[in-house]
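Let's take a friendly walk through this model, with an eye on its rings, its sheet and its cores.

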Amino acid sequence: MKILGINGSPFVKGNCSSLIGKVSGEAKNLGADIELLNLCEKDLPFFDNWNNKPSKTFLDIQKKIESADGIIFATPVHWHNISARMKNLIDYLTYLEIGGWKLEGKVAGFISVGDTDGGWQAILNMVAPLSHMGMIIPPYSMVFQNTNLKTSEKNWMKKDIPLLARNLISMVLLTKNKEWGY
């Protein structure tokens, strides 16, 4: 089983990558192979429209996405929304929808990190299009970290990070090789 972590942060070693690392560590303990993709290290041009050919950079990313069973999307919160890098990637994923619903049946988890409100809005702005593209969203697979808080209320973050990994792995196992709608 292969899990791909996609870091939409402008920082390779920031809060998003730290949380992806914690989820990935738990997933690895459960037997998954892990790969991390830092969008800030990719020269992904601005998405124009799906009538144009996708860039070579996106085609390389597409291969990683298509080979993954589960994907963790992590983004910083920018003005109650996802980062521009993550939005650009999600726009590019249109190619996978119009190219035969290639995300259908893949399992997704979500992380957002910010120092103010907007974490859940950012997550929902990833969930909505990816769910429409056929991705499966397991229970408790959306985690928001407010960096202004030293500890989460009742330490829920310590529980949610491993839970995200376990539920992602469980859903992959339950749905692997299942035929879906389109």
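## Aromatic pairs

How many aromatic pairs does a search of the whole structure find? There are six, where rings of Phe, Tyr and Trp (its six-membered ring) pair if their centres lie within 6.5 Å, with planes under 30 degrees apart counted as stacked, over 60 as edge-to-face and the rest as tilted. This is a predicted model, in which local features need pLDDT of at least 70 and side-chain atom pairs count only at pLDDT 80 or more, while totals for chains, interfaces and linings use all residues. Residues are numbered from 1 along each chain as its sequence is written, and side-chain values use heavy atoms, leaving out hydrogens and water.

Take Phe47 and Tyr92: their ring centres are 5.2 Å apart and their planes stand at 70°, so this pair is edge-to-face. The two residues are 45 apart in the chain, with Phe47 in the loop between strand E2 (33-38) and helix H2 (56-67) and Tyr92 in helix H3 (residues 84-92); helices (H or I, at least four residues) and strands (E, at least two) are DSSP runs, numbered from the N terminus. Phe47 and Tyr92 are both buried (under 20% relative accessible area, with a 1.4 Å probe and protein chains only). Ring pairs also join Phe47, Phe58, Tyr92 and Tyr95 into a cluster.

Five strands make an open sheet in the order E2-E1-E3-E4-E5, with parallel pairing; two strands pair if DSSP finds at least two bridges between them. At the edges sit E2 and strand E5 (142-146), each pairing on one side only. Strand E1 (residues 2-7) pairs with E2 over six bridges, and Ile6 has Leu37 of E2 as its bridge partner.

## Nonpolar cores

Which residues touch the most other members of the largest nonpolar core? They are Ile6, Ile65, Phe73, Leu89, Leu93 and Leu130, out of 32 residues. A nonpolar core is a set of buried Ala, Val, Leu, Ile, Met, Phe, Trp, Tyr and Cys residues joined through side-chain atoms within 4.5 Å. Helix H5 (119-132) is among the elements that each supply at least two residues, and H5 gives the most, with five. Apart from this core lies another, of 22 residues, including Val113, Ile169, Met171 and Val172.

Conventions. Buried < 20%, exposed > 50% of the residue type's maximum accessible area, 1.4 Å probe, protein only.
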